[in-house]
Amino acid sequence: MPGDRLTLTDFSGLATTVAGYPYVKLVLDLETATVHLIDGADRLLHVQYVAERVLGMTRAELARNLDAFNESVYRAAVRRFLLGTLALHDRAEYGGRFLSLETVEVDTMSAELLHTFYRTVRTLVDDSIPVLLKPANHLQEGFPADGIPRILAHELYSTAPYVPLNPGTTTGRLRLFASEADYRATTDPVRWHDVLVMERMPDDIPRLSGLVNARHTTPLSHTNVLAAGWGIPNAIQQDALTTYADLDGAWIELTVDPAGLSLAPITRPESVDDGPPWAVTQVDIGKPDLAAAQILPLDQLRATDAHRFGTKAANLGELTAVLRDGSPYWLGFYEAPRPPRPHLLEYLARHLEVDGTDVAELSQAALRMVREQVVVPRGIALPFALQQQFLESSPAIQQTIGKLKMALALGGEVDALCAELGGLIRDTPLPADLRTLIEDAVLRHLTGAGRVVVRSSSNAEDLIGFSAAGIYESVPEVESIEDVIDSIQRVWASLVTTRGVLLRDEAGIGLSDCFMGVVIQQQLDGALGGVMVTTNPLDRGDFRSVLLNLARNSVDDVVSGNRDPLQHLYNTMEGGSRTVALGAEPVDVDDQAKATLGRLALVGRLLQAHFAGADGFVDSPVDVEWLVDGDRIVLLQCRPYQLAA
């Protein structure tokens, strides 16, 4: 557009919208000093536009040379084209409307090229419109500002008026609560058909039809993980409490999509009288093995032992084996065809600093990396059979279980019975032989471990159609054998909380079908802790990126949702990373930590492919809890990250 000045009218005519932001893709051709604006209606990628519209290449020619072409426009030190986007924002805290200019996140252009890009675009935009440079990755954030006005990604995210956490459409009764205290105090408890609007969802909400947070939250809090697994439309809309106040109590249709949130009144659907739609879908819980009562160290378990110990325990055993022996499957994400690419092994080779794409050599390099840097804390697992033996040892417990089953069958109140049963499970002394068995196993396998964490490992979690993140209890900072016993009973009792019982009952999972294994594991420390999912929850089409939520010293701060975590995205294909949100942290982590977290993201891809196994579902993401201390990566948990279809 030589000689022209871009106005907001021009911008609006070309823009498309994602997450509430209108944006336009643009290309600076340094050879001709021309800026090309790509019409959003064309739906062209940057490289397609450059290849086809500027250079006259056919799409087949581009496909044959795609990796080399990407190298020339995103990574080359000397290049003809600079690619980026202009996005329009309207924020009172930044003085109203302005444009942000950023490159593609994998771009490694120098500071000089980046500043040339900004200054050229700035001269072509109407002077009345502020233009701020938005660094697209950690590399660019480290460049000197050189007098250029900047805004960082986390600054925009933390004030973004709208974030789609889980897309979808639902109907329900709108319920607004100005505070959690109001939610707790209501005499009209929320029901399955309600769409809840609050500043931030409590961790113990029941299964609902829709969620709208009026304040920022992480996609990886327990509540949002449950929403993703259950297919509940879920979004952040900062003005929701005021915008929708007049609809409180009304029946509405809610749509969450990348462009924005839609909420409109409707008449009460007759289908509400049929009950929750998910109650008609039978969840496959599998058949547990209650015959095997042996306590085993984690390094003797495999994923196939889930029917005896629960998925969490079995996967920890599987992790231990993978870190020790490698896996015939763990390169699967990079081996899979990604048309027009036959595979991504060149990218893995770059990450592992290997010449060539020989699978055996890459697998050995991956094994060296994980052996040197990744550990799973040692521990033991108690099978379902021990919990069952304990429950059967007490007539009072058996009688209360019978009363609870009857109440569930008749649709009666269960709160008091769940509280009574939980209290009995926590307070009834273990039979002497069972207590001795547990104490001997702890002393034999965990002597010298110091503190341990006692974790739940139920057969009624991490199921297709029933995610149970945060429903069951884990107890950290356990030091004495007496506290270990108490913590085991607390974990067993968490199977019968009112919330857990009712959530499972709605999903057709009966009380008699549920059992609880227990993991007792050495508790290690790290300077950073958090959760990783090997996907980008805010962009399901982004197969490159892995999302990490992190906090200093605490995994619990991340998963509970009580403290806003740092959020990083790591590209496990071309490389590069960026900070999405600082959360409650005053500053970002240092470069050493970012490098270690990049290796953690790569490990996540290997684990994702390993757990896909011979089935080949290598794009099925996993959810990993972790700690990082220097170069050491500690894996605490690995499970499927359930995404409803």
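In strand β12, E253 is the bridge partner of T171. Strands here are DSSP runs of E with at least two residues, helices are runs of H or I with at least four residues, and both are numbered from the N terminus. The model is predicted, and local features need pLDDT of at least 70, side-chain atom pairs count only at pLDDT 80 or more, while totals for chains, interfaces and linings use all residues. Residues are numbered from 1 along each chain as its sequence is written, and side-chain values use heavy atoms, with hydrogens and water left out.

**Sheet**
- Strand β8 (residues 168-176) pairs with strand β12 (residues 251-257) in the antiparallel sense over six bridges; two strands pair if DSSP finds at least two bridges between them.

**Helix packing**
- Helix α2 (residues 46-54) and helix α4 (residues 66-74) pack at an angle of about 100 degrees, with axes 11 Å apart; axes are lines fitted to C-alpha atoms over the stretch in contact, and angles run from 0 to 180 degrees between N-to-C directions.
- The two helices α2 and α4 are therefore roughly perpendicular, a label for angles of 65 to 115 degrees.
- H46, V47, V50 and A51 of α2 meet F69, N70, V73 and Y74 of α4, where contact means heavy atoms within 4.5 Å.

**Nonpolar cores**
- The largest nonpolar core has 86 residues, of which L196, F466, W492 and I520 touch the most other members; a core is a set of buried Ala, Val, Leu, Ile, Met, Phe, Trp, Tyr and Cys residues joined through side-chain atoms within 4.5 Å.
- Helix α20 (residues 481-493) gives the most to this core, with six residues.
- A second, separate core of 59 residues includes A365, L550, L566 and W626.
- Leaving out residues up to four places away in sequence, F466 touches residues including W230, V283, Y472 and L503.

- L550 lies in strand β21 (residues 545-552) and is buried, at 0% relative accessible area; buried means under 20%, with a 1.4 Å probe and protein chains only.
- N315, in helix α12 (residues 311-325), also counts as buried, at 7% relative accessibility.
- Beyond its neighbours within four places in sequence, N315 contacts A303, F611, C638, R639 and P640.

Note on methods
Angles under 35 degrees count as roughly parallel, over 145 as roughly antiparallel, 65 to 115 as roughly perpendicular and the rest as oblique. Buried means under 20% relative accessible area, exposed over 50%, partly exposed in between (1.4 Å probe, protein chains only).
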